[in-house]
Amino acid sequence: MDIRQLQHLVALVELGTVHAAAQNQFISQPGLSGSIKRLEGQLGIVLFNRDGRGMQPNAKGREFYQHAKHILEQVRLA
């Protein structure tokens, strides 16, 4: 897990779409989706429900989002 993956997750949750999150993070949509998929693989849990309309955080994703926000804030303060 790295800081960029946490930034990608936070952007996706807050902006609501892969397209908006990718633009915000200056990355391609497949790049952002791949980053989230790698994060899920490293954690061993699914954080997002995927359907034809995109990706929505599930309960574990919403919980992990709170941790990611806290970690990113601590990094910012450091």
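Q: Which elements do the buried residues of α1 pack against?
A: This is a predicted model, in which local features need pLDDT of at least 70 and side-chain atom pairs pLDDT 80 or more, while totals for chains, interfaces and linings use all residues. Residues are numbered from 1 along each chain as its sequence is written, and side-chain values use heavy atoms, with hydrogens and water left out. Helices (H or I, at least four residues) and strands (E, at least two) are DSSP runs numbered from the N terminus. In contacts (heavy atoms within 4.5 Å), the buried residues of α1 pack against α2 (18–25), α3, β1 (48–51), β2 and α4.

Q: Which residues of α1 are buried?
A: Buried means under 20% relative accessible area, exposed over 50%, and partly exposed in between, with a 1.4 Å probe and protein chains only. In α1, the buried residues are Q5, L6, H8, L9, V10, A11 and L12.

Q: How far does α4 reach from its first C-alpha to its last?
A: Helix α4 covers residues 59–77, which is 19 residues.

Q: Why do the buried residues of α4 line one face of the helix?
A: The buried residues are G61, F64, Y65, A68 and L72. An α-helix has 3.6 residues a turn, so residues three or four places apart point the same way. Seen down the axis of α4, the buried residues line one face because they fall within an arc (of the directions from the helix axis to the C-beta atoms) of 120 degrees.

Q: Which exposed residues does the opposite face of α4 carry?
A: What covers the buried residues of α4 includes α1 (3–15), α3 (29–43) and β2 (54–57). The face turned away from that buried side carries the exposed residues A59, E63, Q66 and L77.

Q: Is G41 buried or exposed?
A: G41 lies in helix α3. Its relative accessibility is 56%, so G41 counts as exposed.

Notes: The expected span of a helix is 1.5 Å times one less than its number of residues.
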